[in-house]
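Subject: Structure handover

Hello,

Here is the structure I promised you. Please open it first, then read my notes below.

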Amino acid sequence: MKKSMTLIWLVVAAVISFSLDSDCFARKRTKEPVYKNSAASVEDRVSDLLSRMTLEEKLLQLSQYTLGRNTVENNLGEAVRDVPAEIGSLIYFGDDAVLRNEMQRKAVEESRLGIPILFGHDVIHGYRTMFPVPLAQACSWNPEMVRKSCTVAAQEAYSCGVDWTFSPMVDIARDPRWGRIMEGYGEDPYAASVYCRAAVKGYQGDDLSAENTIAACLKHYVGYGASEAGRDYVPTEISDQTLWDTYLPPFEAGVKAGAATLMSAFHNISGTPATGNRYILTEVLKEKWGHDGFVVSDWDAVRQLVNQGMAKDAKEAAMIAFNAGVEMDMVDDLYKNHLPELISEGKVRMEQLDDAVRRVLRIKFRLGLFEHPFASETPQEERYLFPESVALAEEAAAETMVLLKNEGGILPLNPECNLAVAGPVALSREVHNGNWIARARAEDVITVAEGLEKEFKGRILTAEGCGFEGDDRSGFEQALKAVRESDVAVVCIGHKAGWSGENCSRSTIEIPQIQIDFLKAVKAVGKPVVTLVSGGRPLDLREVVDNSDAVLMIWHPGTMAGPAVAGILDGRYNPSAKLAVTFPYSTGQIPIYYNRRNSGRRGTQGLYKDIQSEPLFEFGYGLSYSTFEYRNLTLDSDKVSPEGKVTASVEVVNTSSRDGQQAVLWFIRDPYSLITRPVKELKFFEKKMIPAGESMVFKFEIDPLRDLGFVDRTGRKYLDSGEYRIMVGGLEAVLEVVE
Ligand code: GLC
């Protein structure tokens, strides 16, 4: 009996101690802050962490400095020491995961709350494996390729500790004098919206906390591409109507696709600078679209409100930008320096400060930064230029090059022919990476000459002939000799990598005269001339076209420039690119774009007396080695209610003997409406391979409000009843919307 009682007491004691332990354990466990508990919801973690933060800690979360700005190895470490451990974000210009992790360790282990730093970088069209510049990618009409290229960029950037890219840039641009036209997806809002969604998906994947995903940043919010006369940073004149029907759509698409952040732009929007513009930053972005990430200013853009005449001093600039809806201040430190006083003066509300910090923390938690704050310090060679990435880069380059002329079908070339490869681009490596090249290296690039050498089994002679600019003709003769000794001349000319990009405005879109003179001299030899043109913007190609049998716009195609060009010239690739931006006949035509509105004067509208009034190459132009015919455009009904659906179909026949991809672009037009509409509006596109001699049916499932509707100056989407035109491949059908 005694033993059994003892046993019972022992069991009771064990149960009590266990429950005490578990309570203690529970109490002990609850001692661990909720924000450190990965099983808790993001919002609970954000709220818990926010509740623990001091004002100073909050302000530093809203500040972004740079790390690794200097390139002197021996004092990079200095940068780590003088950056506060509580800093919210750093622009990391290096690719050394060890240094980045040193800084992160300081934040995670030395600061009071251990909030990880968000490392940002401009990963615009690749990180180390360079893909074509975005304007070129837009000419592919292959959003899946854009998504994949961004996925590769994210993998490479992530491997070096980049958590956040300042990309995609989705500024609609209609003025090729503006150097940053290179960074965006061209002149059409619908196309830019499709590519924006693809890029966000490529960077962020389906789960932002997963490995090899990085936060996207839609920029430059909004209307930067309207910089007057293509002069970077200058004011823009944008009506609310144009803001809504042209410049906002790609940003709306990106926000709806889940883009984590946006970047406020430098420029002045019709009197209210973007970075101080509460309408776009709060009323539209937060209240109308419900964006729950954050906005970072562009570099020093908060302080620039003083220069723009919106703020009398730095303190007022901080107040205006913060109250407008810019949560993070890039590098000018005005939030940290001035918000405490502004809060004490009641000019900035603590609730708004907390909301801003909440937004930044939310993205950090969604990225999983608290769980995996450190980059893997794998050897450099294990991070980049994977074979599958390089293969994709070559395909992407080939798919973005636009065949503008192919007189007599000179291309593809006879694989047995002997080539003279000449011009300033022929041997250049760095020209192909373009601008905004993150950590790409020229030595990784395969030149045009190298690509052709391999593809044409060494039967090439190379000679630069001339430089990009200047008037040194001393190299002409050697090049012309090579041309005389060859079957075909491949002339490689155009703009340098650094001639487009930020702060690269040009007064003309011409190619320097020395290059044109060189091309003419080559042409005069009398051999067939294939001209390759590099550049990050539409160029004046009149004399190039006149002095070439074939013209291929190669843009800045990236690491695999050589193999891509060679593959096109020998027919391994069949060109399928079409222009996503209009090529003016001359600088004097600028701005010129396809989705213009009509003027009142029939037939005489906007005509020049001294030059043609049509562009040299229009939006959507591009040749292939195949030829295609569009037939039998039909609608499954010629009337539709606003809630109904209509399917438009067109048959596309490949009338050639070569399989070829064809991008089919569907346009609509509303010929009469109180808010007048452009003469054409792109509303859908699809690209398919069509076997030689065969036809394929392409369909456009029309949703009336989405595809025929328009937007007014308040952002209200509406659909007029009445007649619409559906246009594809030169064919047109009439559809009526009936209430
Ligand atoms: C630059 C650019 C912006 C870039 C930022 C950070 O001035 O305008 O596109 O993301 O600064 O480098």
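Predicted model: local features only at pLDDT ≥ 70, side-chain atom pairs only at ≥ 80, totals over all residues.

A word on naming before the rest. Helices and strands here are DSSP runs, numbered from the N terminus; a helix is H or I with at least four residues, and a strand is E with at least two.

Most peptide bonds are trans. The one from Leu-411 to Pro-412 is cis, with omega near -5°. A cis bond also runs from Ser-167 to Pro-168, with omega near 10°. Pro-168 sits in the loop between strand 4 (164-165) and helix 8 (189-204).

Look next at the loop between helix 8 and strand 5 (217-221), where Asn-212 is found. Most residues other than glycine have a negative phi. Asn-212 has a positive phi, near 60°.

**The ligand**

Which residues surround the ligand? They are Asp-122, Phe-166, Arg-180, Lys-219, His-220, Met-263, Phe-266, Asp-298, Trp-299, Met-330, Trp-436 and Glu-502. By class, this shell has 6 nonpolar, 1 polar and 5 charged residues.

For Asp-298, the distance from a side-chain N or O atom to a ligand oxygen is 2.6 Å. For Glu-502, it is 3.1 Å. How much of the ligand does the protein bury? Taken alone, the ligand exposes 310 Å², and the protein buries 95% of that.

Turn to helix 13 (residues 314-324) and helix 14 (residues 334-344). They pack at an angle of about 85°, and their axes are 9 Å apart. Angles from 65 to 115 degrees count as roughly perpendicular, so helix 13 is roughly perpendicular to helix 14.

Helix 13 brings Ala-314, Lys-315, Ala-317, Ala-318, Met-319, Ala-321 and Phe-322 to the contact. Helix 14 meets them with Leu-334, Tyr-335, His-338, Leu-339, Glu-341 and Leu-342. By class, the contact has 10 nonpolar, 1 polar and 2 charged residues.

**Asp-703**

Last stop: the loop between strand 22 (695-702) and helix 23 (704-708), which holds Asp-703. What does Asp-703 contact, leaving aside its neighbours within four places in sequence? Lys-645 and Leu-708. With Lys-645 there is a polar contact between the two side chains, at 3.5 Å. A polar atom of the Asp-703 side chain also lies 3.0 Å from the backbone nitrogen of Arg-706.

For a sense of scale, take Asp-444. Asp-703 and Asp-444 are 259 residues apart in sequence, and their C-alpha atoms are 46 Å apart in space.

Best wishes

Note on methods:
Residues numbered from 1 in each chain as written. Heavy atoms only, no water. Near = heavy atom within 4 Å. Polar contact = N/O pair within 3.5 Å; in protein donor to acceptor, adjacent residues only side chain to side chain. Areas by Shrake-Rupley, 256 points an atom, 1.4 Å probe, with all protein chains shown as cover. Nonpolar A, V, L, I, M, F, W, Y, C, P; charged D, E, K, R; others polar. Axes fitted to C-alpha atoms, helices over the stretch in contact; angles between N-to-C directions. Parallel < 35°, antiparallel > 145°, perpendicular 65-115°, else oblique. Contact = heavy atoms within 4.5 Å.
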